[in-house]
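Please look over the sequence and the structure below.

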Amino acid sequence: QNKMSRYPNLNSSISYGINSGRSIDPTTNDFNTSTSQFNSIGINTGMILYQGKRIRNSIAQSNIDLQAAQLDVEQSRQDIALQVAQAYLQVLLAEEQLEVAKGMLQQTETQLAQTNQLIKAGMLPANNRLDIEAQIARDEQNVIAAENGVNLSYLSLKQLMTYDLSKEIKVEKPDIELKESELKNISIDKIYSRSVSQQPSVQAGELRIKSAAISEEIAKSGKKPTISLFGGISSNYSSLAQTLNGYTSETVSVPFTIDINGTPTTGTLDSEQLIPNFSKQKYFDQVWSNLGQNLGINVSIPIWDNQITKSNVERARLQKESIKIQNEQTKQRLMIDIQNAYANALASKKSYNAAERSLTALQASYKNTEKRYELGNANSFELNTSKNNMTLAEFELIRAKYDYIFRLKILDFYQGKRIKL
């Protein structure tokens, strides 16, 4: 639109009306007392030649605003990619928890079968079976809860991707290997410097500062003259207009009186007169005969506009300063977000390592309790308690693993890296 304002405009007009009484005939500019119909048509054009660089600055500003809008779109893409990655990891977490829950149920069922054999052999009392059967019921509840977690995770992923909820999908499980050196080579300052130069939201803010500076120049153009070119073609029609078709010769007797020697004498004198013949002028004949053109240059020089231009300049300057502050706030929030993301990644790594150690210890404890149970030195309550502790540790390890993975992906996001697993 700003580019097209460089070119001429073109407008046409047409009017029709009825005059009654004393009015001006638009074709002759004579006063007539009658009823007539009139019609006016015209084509006009105009073109701005100079307006204090307003058009050029407006085009430059539009180009900058377009780039900023495209960066906003890119920022939205990246935000959605991060959300999808989080939802995807949540599906993987839920599926792993379901596998653990099913494994624990199968293990408990195997223990029940072994206990039944030991009871049958007389090595264990029959009531040992009750605790294990109760544990099976709890394990089945855990499986159902894990299955619900998988379904809800898939539902969230489909909704985020605007995928058809009636269609089934199955995500691929990547081979994720967590390395000890994942965070060793990461520096907050390096992440921030890279993020400032690559994050679309920050780049869009810098562009909007430039756009606001141009807005100030556009506002200043209100103090400068405007030079424009104008031209037009117009014509008129009136039902009173007539065309002269020629003259008719006619002899007329004209009476006269003369004084001869003091005596009035009357008589007549034959005289030849030319009488004009008129006919109603046709519409298109009038249009062509009344055709008029105009062409000129207009110069408008502002002298006093009640300080409107001054107010607009001040308003544009304040808007520019406001955008600068907003962009600085964006950078500050970015630094805080990176610091929090790095701290969360470190905390997640420690939680993951602690969960690994906890699971290793509880697995050893469970194996020891299982051997003692087989030898009759531990009861089923102790066995189930040890197993539940190990199951919780497995769940916690899975949760800590995917939380750590997501924290690392957030750091990749701030570094402008493509999010992939």
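Helix pairs and buried residues

Lysine 331 is a residue of helix 6, which covers residues 308-374. The model described here is a predicted one. Is lysine 331 buried or exposed? With a relative accessibility of 16%, lysine 331 counts as buried, because buried means under 20% relative accessible area. Leaving out residues up to four places away in sequence, lysine 331 touches Tyr192, Val202 and Glu206.

For helix 3 (residues 188-198) and helix 6, the axes cross at roughly 140 degrees and come within 10 Å. That angle makes helix 3 oblique to helix 6. The crossing of helix 3 and helix 6 is right-handed.

Helix 6 also packs with helix 7, which spans residues 380-414. Here the axes come within 7 Å and the crossing angle is roughly 160 degrees. Helix 6 and helix 7 are therefore roughly antiparallel to each other, because angles over 145 degrees count as roughly antiparallel. The crossing of helix 6 and helix 7 is left-handed. How do the residues of the contact of helix 6 with helix 7 divide into nonpolar, polar and charged? There are 20 nonpolar, 10 polar and 12 charged residues in the contact of helix 6 with helix 7.

The next pair is helix 1 (residues 54-120) and helix 2 (residues 128-160). Their axes are 8 Å apart, and the two helices pack at an angle of about 165 degrees. That makes helix 1 roughly antiparallel to helix 2. Helix 1 passes helix 2 in a left-handed crossing. In the contact of helix 1 with helix 2, 19 residues are nonpolar, 12 are polar and eight are charged.

Methionine 104 belongs to helix 1. Its relative accessible area is 5%, so methionine 104 is buried. Which residues does methionine 104 touch, not counting residues up to four places away in sequence? They are Asp139, Lys387, Met390, Thr391 and Glu394. Methionine 104 and serine 380 are 276 residues apart along the chain, and their C-alpha atoms are separated by 15 Å.

Asparagine 39 is placed in strand 2, residues 31-50. Asparagine 39 has a relative accessible area of 9% and is therefore buried. Apart from its neighbours within four places in sequence, asparagine 39 is in contact with Ile14, Ser15, Tyr16, Ser235, Asn236, Tyr237 and Tyr283.

Two of these partners are also joined to asparagine 39 through polar atoms. A polar atom of the side chain of asparagine 39 lies 2.5 Å from the backbone oxygen of serine 15. The side chains of asparagine 39 and tyrosine 283 are joined by a polar contact of 2.5 Å. Glycine 262 is 223 residues from asparagine 39 along the chain, and the C-alpha atoms of asparagine 39 and glycine 262 are separated by 62 Å.

Conventions
Residues are numbered from 1 along each chain as its sequence is written. This is a predicted model: local features need pLDDT of at least 70, side-chain atom pairs count only at pLDDT 80 or more; totals for chains, interfaces and linings use all residues. Side-chain values use heavy atoms; hydrogens and water are left out. Axes are lines fitted to C-alpha atoms, for helices over the stretch in contact, and angles run from 0 to 180 degrees between N-to-C directions. Helices (H or I, at least four residues) and strands (E, at least two) are DSSP runs, numbered from the N terminus. Angles under 35 degrees count as roughly parallel, over 145 as roughly antiparallel, 65 to 115 as roughly perpendicular and the rest as oblique. A crossing is left-handed if the near helix is turned anticlockwise from the far one by less than a right angle, and right-handed if clockwise. Ala, Val, Leu, Ile, Met, Phe, Trp, Tyr, Cys and Pro count as nonpolar, Asp, Glu, Lys and Arg as charged, and the others, Gly among them, as polar. Buried means under 20% relative accessible area, exposed over 50%, partly exposed in between (1.4 Å probe, protein chains only). Contact means heavy atoms within 4.5 Å. A polar contact is a pair of N or O atoms within 3.5 Å; within protein, one must be able to donate a hydrogen and the other to accept it, and residues adjacent in sequence count only if both atoms are side-chain atoms.
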